[in-house]
Amino acid sequence: MEKQITKKYDNGEVTVVWQPHMCIHSTICFKGLPTVFDPRKRPWVTPEGGTTEAIVEQIKKCPSGALSYFMNNEIEGPVELEGDTVVEILSNGPLLVYGNLKVKDTAGNETKKSQVTAFCRCGHSGNKPYCDGSHVRVKFEG
């Protein structure tokens, strides 16, 4: 299993939280806000490259939940969504669940998820039950 690292980047108002083990490499972040998210640079997240509002809106589009945020004037923690839970099947990709969830593993351990959670459909993820982008490598169709 891949080491579960969490990295944080802040611009004084908002802290961007990146969990690489959850990333499915959808490219939505850097295509949507390349002044903040640029995988060719180190560090690849530079929150001073965009407004707090633009960063928050872009992070909300992350399909895996690898990117999240918290406002620096609030207590650190996941931003929970209000409303209905929505399930979306991505063509040739993961199953996305939008909403607040509790995921129970085979040992009975529970993990809370909020915003978007990407579940593997191809069976090749090294981070099951979550998607790690392996569907691209194996050319999954479904």
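Where is Asn92 found? Asn92 sits in the loop between β4 (86-89) and β5 (95-98). Helices (H or I, at least four residues) and strands (E, at least two) are DSSP runs, numbered from the N terminus.

This is a predicted model: local features need pLDDT of at least 70, side-chain atom pairs count only at pLDDT 80 or more, and totals for chains, interfaces and linings use all residues. Residues are numbered from 1 along each chain as its sequence is written, and side-chain values use heavy atoms, with hydrogens and water left out.

## Backbone

Most residues other than glycine have a negative phi, and most peptide bonds are trans. The table lists the exceptions discussed here.

| Site | Feature | Location |
|---|---|---|
| Thr27 | positive phi, about 70° | loop between β2 and α1 |
| Arg42 to Pro43 | cis, omega near -5° | Pro43: loop between α1 and α2 |
| Lys128 to Pro129 | cis, omega near 10° | Pro129: loop between β8 and α3 |

Accessibility is classed by relative accessible area: buried means under 20%, exposed over 50%, and partly exposed in between (1.4 Å probe, protein chains only). Thr27 has 22% relative accessibility, so it counts as partly exposed. Asn92 is partly exposed too, with a relative accessible area of 34%.

## Nonpolar core

A nonpolar core is a set of buried Ala, Val, Leu, Ile, Met, Phe, Trp, Tyr and Cys residues joined through side-chain atoms within 4.5 Å. The largest one has 19 residues. Val16, Phe37, Trp44 and Leu67 have the most contacts inside it.

What does Val16 touch, not counting residues up to four places away in sequence? Its partners are Lys7, Lys8, Tyr9, Phe37, Val45, Ile55, Ile59, Leu67 and Ser68. Contact means heavy atoms within 4.5 Å.

## Aromatic pairs

A pair of aromatic rings is described by the distance of the centres and the angle of the planes. Rings of Phe, Tyr and Trp (its six-membered ring) pair if their centres lie within 6.5 Å; planes under 30 degrees apart count as stacked, over 60 as edge-to-face and the rest as tilted. By this rule the count is three aromatic pairs.

Phe37 and Trp44 have ring centres 5.7 Å apart and planes at 45°, so this pair is tilted. Both Phe37 and Trp44 are buried. The pair formed by Phe119 and Tyr130 is stacked, at 5.7 Å centre to centre with 25° between the planes. Phe119 lies in strand β8 (residues 116-119) and Tyr130 in the loop between β8 and α3 (134-137), so the pair ties together parts that are eleven residues apart in sequence. Phe119 is buried at 17% relative accessibility. Tyr130 is buried at 14%. Trp18, Phe37 and Trp44 form one aromatic cluster.

## Cavity and pocket

Both are found on a 1 Å grid over the protein atoms alone. A cavity is a set of points where a 1.4 Å probe fits but cannot get out; a pocket is an open set with protein on both sides within 12 Å along at least five of seven lines. Lining residues have an atom within 4 Å of a point. Grid points are joined across faces, edges and corners, and a volume is the space filled by probe spheres set on the points.

How many cavities of 30 Å³ or more does a search of the whole structure find? The search finds one. The largest cavity holds about 30 Å³ of space. Its lining is Met22, Ser64, Lys113, Ala118, Tyr130 and Cys131. By class, that makes four nonpolar, one polar and one charged residues. Here Ala, Val, Leu, Ile, Met, Phe, Trp, Tyr, Cys and Pro count as nonpolar, Asp, Glu, Lys and Arg as charged, and the others, Gly among them, as polar.

The second largest pocket has a volume of about 270 Å³. Its lining has 19 residues, and the closest to its centre are Trp18, Cys23, His25, Cys29 and Trp44. Helix α1 (residues 28-32) gives the largest share of the lining, three residues. The lining divides into 14 nonpolar, four polar and one charged.

## Gly65

Gly65 lies in the loop between α2 and β3. Gly65 counts as buried, at 12% relative accessibility. Leaving aside neighbours within four places in sequence, Gly65 is in contact with Gln19, Met22 and Val116.
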